[in-house]
Amino acid sequence: MARVRTHRYGKWAAALVLLLAGAARAEPQAHEHWTMTDLGTLAGPDSPAGSAANAINERGQVAGASGPGGTDAYAVRWTGGVIEPLGPQPGPPSVGTAINNAGQVVGYYEPSALRLPALFEGSQVRALSQAPGFAWGINDHGEVVGRVFSVSKRIAVAFSYLHGTLRELSTLGGDFSDARGINNRGVIVGSSATTGGGAHAFIYSSGAMRDLGTLGGPDSSASAINEVDEVVGSSRIDSTTYNRHAFLYSMHWMQDLGTLGGASSGANAINNRGQIVGSSTTASGAEHAFLYRRGKMLDLNALPELQGTGWTLVTANGINDAGQIVGTGQHNGFTRAFLLTPHPGRR
């Protein structure tokens with residue numbers, strides 16, 4: 001049963017708020033057909049080289065990484081299913097982690113032994129800092145968020161970057177913070193160490209960082225936020241195990257989304273329709289990609305279109321408002337980026 005941590009009102013008010021929110025945005029129970037696309041690799045469709053899809057924008061462009069056939073991987077962008085390497089070629093290893101609706105991709109690259117947060121612009125790559133770190137999110141205004149080592153504080157801290165200026169954010173009182181997502185209003189989410197020693201999910205707005213709490217355990221982390229400030233991530237559910245559950249934080253309430261029958265789950269992305277994707281262990285212990293909608297967690301491997309295809313979808317990392325889902329799976333023993341496209345009303 002879903003568990004709700006209350007922050008301001010009583011538990012019955014929390015249940016009512018969540019029920020009304022879901023009812024107001026309920027989707028039609030139409031049958032749908034899904035198209036499964038293997039996004040391929042830089043080395044071609046028949047290569048054992050791997051690929052991973054990490055984010056998708058409203059135009060259907062996808063950001064991720066692919067191996068060209070060797071051991072290194074490079075940041076890539078898929079447009080219309082065509083893969084494009086980002087940054088100088090040949091160049092240092094890199095990964096694309098997020099993409100905005102202008103097609104700008106951020107992530108990180110390794111010009112030396114250090115990983116630097118980066119913005120990829122075609123064949124060029126711009127380091128956002130010379131200190132080691134990662135860029136995890138970008139909004140449509142080009143504002144980037146991530147984590148960077150602070151020379152002055154001597155700790156890793158969350159940052160935002162806009163128009164050539166990197167701004168270090170605060171913490172929840174502890175010795176690190178990490179920003180993972182940002183929406184178009186500039187609201188940032190991530191995780192931070194607290195004065196009590198644990199790490200908690202946070203939401204950062206108007207210069208203030210607010211602790212979102214946990215599902216009962218000592219730790220939580222936020223991974224994404226949509227345009228109505230709904231936040232998703234994962235949290236430990238108690239202090240005696242390390243089991244984590246995916247959560248949705250909305251209207252000051254953190255809701256446990258459960259699992260696919262296993263011990264742990266985590267939410268990676270949410271669209272403006274409230275649809276959530278991530279990964280969860282199953283009763284057998286396998287890790288499977290999921291779609292959470294209408295109050296239920298769906299194992300994407302159970303889709304009829306995937307049966308007998310040789311695919312196992314391991315994690316879903318991004319979803320746009322059209323319901324297109326990207327992530328990483330195993331196809332006939334090879335690691336591959338995938339794109340799932342829904343066609344409501346068709347069967």
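Reader: Is Tyr-108 buried or exposed?
Author: Tyr-108 counts as buried, because its relative accessibility is 12%, where buried means under 20% relative accessible area, exposed means over 50%, and partly exposed is what falls in between, using a 1.4 Å probe and protein chains only. This is a predicted model, in which local features need pLDDT of at least 70 and side-chain atom pairs count only at pLDDT 80 or more, while totals for chains, interfaces and linings use all residues. Residues are numbered from 1 along each chain as its sequence is written, and side-chain values use heavy atoms, with hydrogens and water left out.

Reader: OK, and which strand is Tyr-108 found in?
Author: Tyr-108 is found in strand β8; strands (E, at least two residues) and helices (H or I, at least four) are DSSP runs, numbered from the N terminus.

Reader: What does Tyr-108 touch?
Author: Leaving aside residues up to four places away in sequence, Tyr-108 touches a list of residues that includes Ser-94, Arg-115, Pro-117, Phe-134 and Trp-136, where contact means heavy atoms within 4.5 Å. In terms of C-alpha positions, Tyr-108 and Gly-146 are 9.9 Å apart in space and 38 residues apart in sequence.

Reader: How many aromatic pairs are there?
Author: The count comes to four aromatic pairs, under the rule that rings of Phe, Tyr and Trp (its six-membered ring) pair if their centres lie within 6.5 Å, with planes under 30 degrees apart called stacked, over 60 edge-to-face and the rest tilted. One of these pairs is Tyr-108 with Trp-136, which is edge-to-face because the ring planes stand at 70°, with the centres 6.2 Å apart. That pair links distant parts of the chain, since Tyr-108 is in strand β8 (residues 105–109) and Trp-136 is in strand β11 (residues 133–138), 28 residues apart.

Reader: And why is the pair of Phe-134 and Trp-136 stacked?
Author: The planes of Phe-134 and Trp-136 are at 10° and the ring centres are 5.2 Å apart, so that pair is stacked. Phe-134 counts as buried because its relative accessibility is 15%, and Trp-136 counts as buried at 18%. Ring pairs link Tyr-108, Phe-134 and Trp-136 into a cluster.

Reader: What sits over the ring of Trp-136?
Author: The charged end of Arg-180 sits over the ring of Trp-136, at 3.9 Å from the ring centre; the rule is that NZ of Lys or CZ of Arg must be within 6 Å of the ring centre and within 35 degrees of the ring normal. Elsewhere, the charged end of Arg-236 sits over the ring of Tyr-242, 4.4 Å from its centre.

Reader: Switching to sheets, what order do the strands have in the open sheet with β15?
Author: That open sheet has four strands in the order β15-β16-β17-β18, with antiparallel pairing, and two strands pair if DSSP finds at least two bridges between them. The edges are β15 (173–182) and β18 (208–211), each with a single partner strand, so one side of each has no neighbour in the sheet. The twist averages 35° from one strand to the next, where axes are lines fitted to C-alpha atoms (for helices over the stretch in contact) and angles run from 0 to 180 degrees between N-to-C directions.

Reader: How many bridges join β17 to β18?
Author: Four bridges join strand β17 (residues 199–205) to β18, and the two run antiparallel. Within this pairing, Ser-205 stands opposite Ala-208 in β18.

Reader: Last one: where does Asn-226 lie?
Author: Asn-226 lies in the loop between β19 (220–225) and β20 (231–236), and it is buried, with a relative accessible area of 2%. The side chains of Asn-226 and Glu-230 are joined by a polar contact of 2.8 Å, meaning a pair of N or O atoms within 3.5 Å, where within protein one must be able to donate a hydrogen and the other to accept it, and residues adjacent in sequence count only if both atoms are side-chain atoms.
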